[in-house]
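The sequence and the structure are shown first.

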Amino acid sequence: MGQGTAMDLKKINVKIAVEKGADLPLSSFIPVFHRFIQDDRLEGMLIDVAEYTHVHQGPGVLLIAHEANYSLDETDGKRGLLYAQKRAGEKGTEAHLKTAFRRALLACSLLEKEKEAAGKLKFAVGRVLVQVNDRLGAPHSSGTHGELESLLNPFLNWLYDGEKYMLLPEKDPRKLAGFEVKVEKSFELDALLKKLS
Amino acid sequence: MADKRTWKTLLQDKLPKDWAAEIDEFEAKIVLNKQGKVEPRIFAETRLRRGAYGQRYDNGHRNDGKQIRKLKYPTEDIWKGPDTHWDAPGMLRIKFPWGGLTAEQMHCLADLAEEYSDGIGHITTRQDFQLHFIHIEDAPDIMRRLSAVGITTREACGNSVRNVTACPLAGVCRTESFDVTPYSKAIFKFMLGHPDAQDFGRKFKIAFSGCVQEACGLVNMHDMGFIAKKAMVNGKEVPAFDIYVGGGLGPVPYNAKLLFQDHPVEEMLPVTQAVARVYGRLGEKKIRGMARIKFLVAKLGIEEFRKLIVEERKVLPFDPRWTSTIEECLKEVEKPSQKAGNLKASSFPKGFLDWKKTNVYQQPQYGYVTVYVKVPLGDLTSTQLRGLADMAGRYVKDTVRTSVEQNLLFRWVSEGDLPAFYEALAGLGLSAGGANTISDITSCPGTDTCKLGISASRGLARELSERLDKTLSSLPEEVKDLKIKVSGCPNSCGQHHISDLGFYGVSRKSGSFTVPHFQLVLGGQWKNNGGSYGLAVAAVPSKRIPETIERLTGKYVKERSRGESFQAFVTRVGKSAIRETLTDLMTIPSHEQDPSIYSDWGDPREYTIADIGKGECAGEVVNPYEFSLSQAEAKSFEAQLKLDQKDLKGAVALAFESLVLSAEAVVRSRNREYVGEAAATVAEFRKHFFDTGEFVKHVNNTQFAAFLFKAAEQKLDNPNPDEAHRRVEEAQLFLEAVHSYLVNAAPAAIPGT
């Protein structure tokens, strides 16, 4: 992995796109998230479940944790598993990126196997939205995107074994700075997860 | 990006100096609190006054459906209030006086919801916004960013003057006497941080209405309210206010009393200051449950209260801001950004005409309309907030307001722009029709995030809205116009008392399980500024509320007289007959028969407190307390019937019997052999359950037990309608508290469970 830059990002969003299962009722994930809390299935301090199924293209169903929120997010009409860091500690951007990807992928892996979704839900692990949820540390600008790109490249090269990918920057200046990552080759979720563990 | 930029330095030139200083001070208190140098109790009041509330599970315990789980927050030994963990997510309430918000403020809310909350900005039932799941350490930066666009959270909570609300149609209303907006602005500016409003025993809510007959600002349910009037002075028509005090919902609602009629508008601020002084001086401070101004006004009587205000007004030192603040606010005139236009007959977008019927209000100003944006449960995403801000910029500039029904109003839309406006809303998923109809349901946060929630008010509201939206077009007109309002507990944040079909969350025991219920409240009135309050009729399991509504509305359609309102229908048919219609729905099936009844809407966890285990003899042993409880229920209901029959004395007597039987149930839960007269039962309850703190510990409120003691001391031989109404309501609430106690108390205290 790379050397990193001066940028120290603590609030990273990673959203893994849904490849199959965008039509599954969002409400079917409510009991799943409650079970995740009961059985401590995810990393971090899990607190509660919040439902926003009534909201158009919103956060859907959230699992609220101390460090981050997990959600079946539908922003911009695109369903995906969003891991949104809130309090990431002092480990440095590279570590935060790794943590965010690992936790998001772990949630995807578990969700695919739950009885409500088994065989009906699949995540596209090569289509990922990476954002910085911090307008102070990373205002939407070409400078931020440049730095973020230089942080992301070594990490993505490592994660996706040097395979080709595209980085599409967020164009709307009012939205969070970030990139949509599109990897050409398909990857197995559990293989990526193993690499990050 | 790598430098140490902070929001404080970045925004230093954009914040009003006094607001910036207050936020700095709050931030310093956060640091001191973390160092253990501030009492948690003191810090709690400090943060509340800045709008930072606690949230459910901040005590570190949560029932996960299997067990009570200890939430291991990282800083386990730091507290932001008594029994409130430092790291627990909290809520930030953001004041929008008179509900007014600008495009710039909407953009700001969008960013904050995204960066610090769960991506949702929530409109409350008092025209505020709330952000949930906030960390206390993020609060100062959020406040700075809000202040930079003219918003303060100061006194959004705590014992202070809360958000000043006003009719969202003020200035564009067809029935108003005059626009109350400048006056509501003036009172907000004048009272914010006013020294005379810093020593209240409880919160103080002010509202403005432009007319008497509409729901408008709901003056009747406010601590202090102003209704615009035109008064004749020296043969000239001048603006004036009817000023009311002492109203309020809460568990026991009080009707506001007329303090001054046709009062000059220039006197508005000194009168408010005088009321604040008298309330601060004479209002209850120790017993929180009796500290609202409504109790003081009821205790003194309105004549005596008025006398005190007149005297106080005379000795108030002159303040030039009494008139200058109003003059200043009168200069800020709202103007449309687009030219007036007409809707030209052509092909309209799909759904447009139906939407227009319910969501568009014709302004008295030619060529302009106000659009109601129906916001499901008051929740807006960051994307929607940005989209709405863009629409505000394009069509109306800064004339958007929130409503107490948790919607947004775009005022001054040129009628010719309506089709394009509708399509823009559709793009944001906000073009649903049915604003102000039965499917437009108001709800407080309930068990989703509120520490006091008993049942899932939002879950129920979501379910009902979805069902009613689907059938709205086929519903009879008289049903379409009904109002449904839901609260998660008896505290009335969902304003259930003033709707046609009101619900508040309660729980009931069934064997060793607990079942979420809603108490049905009928007879309330939305119009006339929340003109009258409904009463509880029957507690129904949560999952059976949709069927309850179907039956009641079906009965209404079938049996109503021509032109009869729902409220009049309920009075004519009688609560007894209505309750009879629901008897089978009130019966709780066994867990084996229907386990779904034992969980709440949108929450698959079994609705039970995990430390109430399933006893081996559950369902077989009936403890005598259950008989007392059952009798208390019956007496409470009979009291309501007497009230309907205008037999006030009879109602009060039955309410007292219900109170004593409820107390007896508590005493018998510990001593199953107990038998005693009323006075002895009250004394037993006081000695063993109240003085020991046992009852309060489990119901988390001192007010309910006070209802019993008050009734025992004040028999009310010749009650007036208000007193009788309150006594009946208090009996019902004490009964609910006893239910809670019996659910929450340790099983050891309740033999036979």
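## Interface between chain B and chain A

About 3800 Å² of area is buried between chain B and chain A, and carbon and sulfur atoms give 53% of it; buried area is the accessible area (1.4 Å probe) that two parts lose on being put together, summed over both. The size of an interface is often given in this way, as the accessible area lost when the parts come together. This is a predicted model, in which local features need pLDDT of at least 70 and side-chain atom pairs count only at pLDDT 80 or more, while totals for chains, interfaces and linings use all residues. Residues are numbered from 1 along each chain as its sequence is written, chains are lettered from A and ligands numbered from 1 in the order in which they are written, and side-chain values use heavy atoms, with hydrogens and water left out.

In terms of contact (heavy atoms within 4.5 Å), 49 residues of chain B meet 44 residues of chain A. Between chain B and chain A there are 20 residue pairs in polar contact, both residues being at pLDDT 80 or more. A polar contact is a pair of N or O atoms within 3.5 Å; within protein, one must be able to donate a hydrogen and the other to accept it, and residues adjacent in sequence count only if both atoms are side-chain atoms. On the side of chain B that touches chain A, two or more residues each come from α1 (7–10), α4 (103–116), β17 (379–381), α12 (382–396), α14 (457–471) and β26 (603–606) of chain B. Helices (H or I, at least four residues) and strands (E, at least two) are DSSP runs, numbered from the N terminus. The largest share of this side, five residues, is given by α4(B). By class, the side of chain B that touches chain A holds 16 nonpolar, 11 polar and 22 charged residues. Here Ala, Val, Leu, Ile, Met, Phe, Trp, Tyr, Cys and Pro count as nonpolar, Asp, Glu, Lys and Arg as charged, and the others, Gly among them, as polar.

Nine salt bridges are counted between chain B and chain A, a salt bridge being a side-chain nitrogen of Lys or Arg within 4 Å of a carboxyl oxygen of Asp or Glu. In one of them, E114(B) pairs with R135(A), with the closest N and O atoms 2.6 Å apart. Both residues belong to a network of salt bridges that links R135(A), D111(B), E114(B), E115(B), R145(B) and R386(B).

S117(B) lies in the loop between α4 and β8 (120–123) of chain B. With a relative accessibility of 5%, S117(B) counts as buried; buried means under 20% relative accessible area, exposed over 50%, and partly exposed in between (1.4 Å probe, protein chains only). The side chain of S117(B) reaches the backbone oxygen of H132(B) at 2.7 Å. Leaving aside neighbours within four places in sequence, the contacts of S117(B) include N69(A), L131(B) and F133(B).

Over all chains, the structure holds 78 salt bridges.

| Residue pair | N to O distance |
|---|---|
| E736(B) and R508(B) | 2.9 Å |
| E559(B) and K555(B) | 3.2 Å |
| K710(B) and E730(B) | 2.8 Å |

K710(B) lies in helix α25 (residues 703–713) and E730(B) in helix α26 of chain B, 20 residues apart, and the pair links distant parts of the chain. Both K710(B) and E730(B) are buried. E736(B) is buried, with a relative accessible area of 4%, and R508(B) is buried at 7%. E559(B) and K555(B) both lie in helix α17 (residues 545–559) of chain B, four residues apart, about one turn of the helix.

## Aromatic pairs

The count comes to 39 aromatic pairs over all chains. Rings of Phe, Tyr and Trp (its six-membered ring) pair if their centres lie within 6.5 Å; planes under 30 degrees apart count as stacked, over 60 as edge-to-face and the rest as tilted. F685(B) and F695(B) form an edge-to-face pair, 5.0 Å centre to centre with 70° between the planes. F685(B) lies in helix α23 (residues 678–690) and F695(B) in helix α24 (residues 694–699) of chain B, so the pair ties together parts that are 10 residues apart in sequence.

F734(B), like F685(B), is buried. Ring pairs link F685(B), F689(B), F690(B), F695(B), F709(B), F734(B) and Y741(B) into a cluster.
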